[in-house]
Amino acid sequence: MSDIEIKDNPDIKSELQTPPEPGYSEWRKDENTLYNDGLPEEEKDWFCDARPQKARKSVQVIENFLNWARSQSLWILAFGTGCGAIELRPLVTSRYDISRLGMQPRPTPRQANLIMIGGYVSIKTLKRIVRSYEQMQGPKFVVAVCSCAINGGMYWDSYNTVKRIDEYIPVDVYVTGCMPRPEAVLAGFNKLKELIKAGKAEGQNLYIERFDWYKENQKKVIKDWNMPDYNW
Amino acid sequence: METLYKELKQYFDVDEFSVQKASLAFLRVPKSQLVSLLTHMKDIRGYTHLVMVTCVDYLEQDSFLLTYLLHNYSTHCDLGIQVSISRQNPVMDGIHHLWEQGRVYQRELFEMFGIDFPGSPDVHEPMILEGWQGPPPMRRDFDTKAYSEATYSHRPRDHREPEEYMKQQLYPED
Amino acid sequence: MNLAYKIFWAFISLGVVTVWGLTLNGIVHKIFARVQGRLGPPVWQPFLDIIKNNSIRTAISHGVMFYLGPVFRIAGGIGTYMFIPVLFGSVYFSNFSMSGDVLLVMYFIFFGQLGMALGAGEGGHPYSAIAVSRGLAQMTAFEVPFALSVISLALQYKTLSITEIVAAQQGSFLNWTLFTNPLAVIAAMIAMLGMNMYNPFSLVIAPQEIPIGPPTEYQASFLGLLATNRGIFGGAKLVLFMNLYFGGATNLVELIVKTFWIYMLSVFVGAAYPRFRTEDSIRFFLKYPTALGIISVLLFSL
């Protein structure tokens, strides 16, 4: 009798039913560990296999001050990913001079806060961008220039470029153009500074919240994944 | 260039000679005589510079047409040597022993067209398309638009007129 | 004055030299920018960089030695500063100087770089290892003329305490070591170019050749610590040189003016010259500056 009752009432779960599928795809071992399947066996010990956790913010007053300080001293990763990277070079010269805004190009992703995606992103470059982006320490920001990063641009029907870069890494500011003029890129940086001061540029936490979605999108197009699942 | 063609006709089965301008000419040679003709041009005729190796896909005639473009530094002339190979089994002799840069061209042709050059170093290593599992993309029967729409997601189109949109943004009181 | 009071004033003077060292860095960047015809970063930009670096929320560490690298470096910086009397005759700013403190200060200068070498090697980046080996080789080379010039000073003034060396230079400015022992001063100034790592000896921290040199893997608060140390250590070296060779200072204004112009010497040379390779710089240091040092030692020991 009680069995019939339970079966008729869909809200009560019976322990005789099988538990639902965990929904893990094959690159996650459990909640906090990753498989790192792309690496050969002897290298798996060298890389960390923990899943990234969200970074905590501090008290609102201090966070406002820190956001102001972060916006006054953005360090750009000197990695030119596509043709749009040539627009960074006039900005460093005397005419437009981003050093008065506190920005300087840094050669290593460990010390950079801002990565500039310049234009089209081919699959080979996307692997390197993901690698560099995950090695940057947060809070980190992404500025995507040129129309190829927005909707594919000139390479809209190409077999080798991605059409929407924000399915692979979170983007804060887009600057249209082909290429945008240096003044336009400066306006984009100013917009980013306003976003940072308002506390809205939390790309790092967004990436970790939707980590599964980003990682599956990346693994769908990057077929030879011979690096760890998260590049600490 | 006509005198060159007449002299070459005595040794090789060259035909289909065409002149584009005074310093650029093309001729065709069968596949088996290509390497000996290139060696002859490099060592004896002074065409020592390999400009490029390209390929055209003739889908209707079921063949690839390879073009080896050579340059002569003393007479400032270019000569294009064309070879037609079968599309069903595209294999060609390598020229990497004559010019080192031939390795790079042969790698590119293998990746983009599927033409194999046995003996060429690293010809099967991926050069630009890492992890590519589809057909060679430069062939005419590969539909790149369909592949792109199937593999990548596209941003939905923005149907606003730019002029009206900017007018609204800049002068909202109108 | 009792010990607690002395410690309190030592911390105050440490704060003063940190602020002065970082501001000097900012002023130099501004001068470089104006010479190149552009507006430069604001003068307080190094402070903003340190605040930003300390506010980074995540950090990657490579083990205990990686943590200790910047700690050793800032310990070297603070240790260098604490034993130098800053203002001659001032009760508040004369730190913990005692007899024989020249040798202790020279030890601390070397100590910071060694600790950084251990930490950078632990980082695992091949570029930091290359830069660390270059940096230590260059440091070993420039210590030779510097040590010879300090020995010559010790022979001249017959003391190893910085306070007494400064006391012997008071009076008129003709009593400065610059005029009574010029060879030692020239040798030490050339060694200072190597210490400050400006051109032509800037290969160790060349930013585009090997990314940044020893601090390649350092990020976030580690980098903030290293940047703070750049202010402290830079200021300490300038105060040391001023005390040993240029007559010391009796008030803060004189300190600021003298250290500014000593720093400007390395900036002027750095702006004019290209870079040496490491083996060239080692050969350079072991030739003429060492010869000058040896001659000055011989002059005062006979």
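This is a predicted model: local features need pLDDT of at least 70, side-chain atom pairs count only at pLDDT 80 or more; totals for chains, interfaces and linings use all residues.
# Briefing: chain contacts, a sheet and a helix

Chain B and chain C have no contact with each other. Chain A does touch chain B.

**Where chain C meets chain A**

- This contact involves 27 residues of chain C and 19 residues of chain A.
- On the chain C side, two elements each give two or more residues: α2 (45-54) and α9 (220-245).
- Helix α2(C) supplies the largest share of that side, with five residues.
- By class, the chain C side holds 13 nonpolar, nine polar and five charged residues.

**Where chain A meets chain B**

- Here 17 residues of chain A are in contact with 15 residues of chain B.
- On the chain A side, α4 (123-135) and α5 (148-151) are the elements that give two or more residues.
- That side of chain A has seven charged residues, six nonpolar and four polar.

**Chains B and C**

- How far apart are the closest C-alpha atoms of chain B and chain C? They lie 26 Å apart, and no contact joins the two chains.

**The sheet in chain B**

- Five strands of chain B make an open sheet, and their order is β1-β2-β5-β4-β3.
- The pairing in this sheet is mixed.
- Strands of a sheet pair through backbone hydrogen bonds, and they do so either parallel or antiparallel.
- Which strands sit at the edges? They are β1 (15-21) and β3 (49-58) of chain B, and each pairs on one side only.
- From one strand to the next, the twist averages 20 degrees.
- Strands β3(B) and β4(B) (residues 63-72) run antiparallel, joined by nine bridges.
- His49(B) has His71(B), in β4(B), as its bridge partner.

**Helix α12 in chain C**

- Helix α12(C) covers residues 288-301, which is 14 residues.
- From first C-alpha to last, α12(C) reaches 20 Å, close to the 20 Å expected at 1.5 Å a residue.
- Its buried residues are Pro289(C), Thr290(C), Leu292(C), Gly293(C), Ser296(C) and Val297(C).
- Why do the buried residues of α12(C) line one face of the helix? Seen down the helix axis, they fall within an arc of 160 degrees, so they line one face.

Conventions:
Residues are numbered from 1 along each chain as its sequence is written. Chains are lettered from A and ligands numbered from 1 in the order in which they are written. Helices (H or I, at least four residues) and strands (E, at least two) are DSSP runs, numbered from the N terminus. The expected span of a helix is 1.5 Å times one less than its number of residues. A residue is buried if 20 or more other C-beta atoms lie within 10 Å of its own, exposed if 12 or fewer, and partly exposed in between; C-beta atoms are placed from the backbone. The arc is that of the directions from the helix axis to the C-beta atoms. Two residues are in contact if their C-beta atoms, placed from the backbone, lie within 7 Å. Ala, Val, Leu, Ile, Met, Phe, Trp, Tyr, Cys and Pro count as nonpolar, Asp, Glu, Lys and Arg as charged, and the others, Gly among them, as polar. Two strands pair if DSSP finds at least two bridges between them. Axes are lines fitted to C-alpha atoms, for helices over the stretch in contact, and angles run from 0 to 180 degrees between N-to-C directions.
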